[in-house]
Amino acid sequence: MSDGLNSTVLVLVGSLRAASINRQLAELAVESAPLGVTLQLFDRLGELPFYNEDIDNDSAPEPVVALRDAAAAADAVLVVTPEYNGSIPGVLKNAIDWVSRPYGSGALKGTPLAVIGTSLGQYGGVWAHDETRKSFGVAGARVVDDLELALPSKVFDGRHPRENAEVAARLRDAVGKLAAEIG
């Protein structure tokens, strides 16, 4: 494994809401990236059409091409997601479907990937995180299973994550561990 220097980490957020705490976590991760590691937030998941093999061809929609290009260029991926109804938000599952194709050689094949986030409830979204890890693993990413950060949203008490020193430190640690997985 390398030290992750001069690396790019793609950041995907499973919530489309502008004021989402998960979006705030992603923004904090971008702000506090380790030296030599650039985190790039792909903020266009809401533009992706539902996966449809009929339109997955040489003239795939531009947002799909942009996502696949960003995924292929990334040295690692950080997914920051809530839990919706005990599972993966639809927008994130749709993105997984797009980057998984063509089957067996999708844009994230072999790329280290970690899943973190916050959600209502005492477990902070662990069901969604587990399902997201599973789906990305099937899609070809190299999931870093022992890198977990699931925060119950009540820990933020209405404040931005950067205002919670413990959360900020845990997030920096998670990003550093992901960067260390880049080989």
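Which side chain meets that of Lys177 in a salt bridge? The partner is Asp173, and point 6 returns to this pair.

1. Basis of the note. The model is a predicted one, in which local features need pLDDT of at least 70 and side-chain atom pairs count only at pLDDT 80 or more, whereas totals for chains, interfaces and linings use all residues. Residues are numbered from 1 along each chain as its sequence is written, and side-chain values use heavy atoms, with hydrogens and water left out.

2. Strand β1 and its neighbours. Helices (H or I, at least four residues) and strands (E, at least two) are taken here as DSSP runs, numbered from the N terminus, and two strands pair if DSSP finds at least two bridges between them. Strand β1 (residues 7–13) pairs with β2 in the parallel sense over six bridges, and within that pairing Thr8 stands opposite Thr38 of β2.

3. Burial of β1 and β3. A residue is called buried under 20% relative accessible area, exposed over 50% and partly exposed in between (1.4 Å probe, protein chains only). Six of the seven residues of β1 are buried, so this strand is largely enclosed by the rest of the structure. β3 is mostly covered, with five of its five residues buried. In a regular strand the side chains alternate between the two faces of the sheet. In β3, Ala76, Leu78 and Val80 point one way while Val77 and Val79 point the other way, and all are buried.

4. From β3 to β4 by way of α3. Four bridges join β3 to strand β4 (residues 112–119), and the two run parallel; Val80 has Ile116 as its bridge partner in β4. With α3 between them, β3 and β4 make a right-handed β-α-β unit. Seven of the ten residues of α3 are buried, so the helix is largely enclosed by the rest of the structure; among them are Leu92, Ile96 and Trp98. The buried residues of α3 pack against α2, β3 and α4 (126–138), contact being taken as heavy atoms within 4.5 Å.

5. The aromatic pair. Rings of Phe, Tyr and Trp (its six-membered ring) pair if their centres lie within 6.5 Å, and planes under 30 degrees apart count as stacked, over 60 as edge-to-face and the rest as tilted. By this rule the count comes to one aromatic pair, formed by Tyr51 and Trp98, which is edge-to-face at 4.6 Å centre to centre with 70° between the planes. Tyr51 lies in the loop between β2 (37–42) and α2 (62–73) and Trp98 in helix α3 (residues 90–99), so the pair ties together parts that are 47 residues apart in sequence. Trp98 is buried, with a relative accessible area of 0%, whereas Tyr51 is partly exposed at 22%. Arg101 lies over the face of Tyr51, at 5.3 Å from the ring centre; a charge sits over a ring if NZ of Lys or CZ of Arg is within 6 Å of the ring centre and within 35 degrees of the ring normal.

6. Salt bridges. With a salt bridge defined as a side-chain nitrogen of Lys or Arg within 4 Å of a carboxyl oxygen of Asp or Glu, the count comes to ten. The side chains of Asp56 and Arg68 meet at 2.9 Å, N to O; Asp56 lies in the loop between β2 and α2 and Arg68 in helix α2, so this pair ties together parts that are twelve residues apart in sequence. Arg68 counts as buried, at 16% relative accessibility. A salt bridge of 3.0 Å, N to O, joins Arg142 and Glu181, and this pair links distant parts of the chain, with Arg142 in strand β5 (residues 142–152) and Glu181 in the segment after α5 (165–180), 39 residues apart. The Lys177 and Asp173 side chains meet at 3.3 Å, N to O; being four residues apart in helix α5, these residues are separated by about one helical turn. Lys177 is partly exposed, with a relative accessible area of 46%, and Asp173 counts as partly exposed at 42%. Salt bridges that share partners also join Arg44, Glu47 and Glu62 into one network.

Methods: Right-handed = clockwise from strand over helix to strand, strands pointing away.
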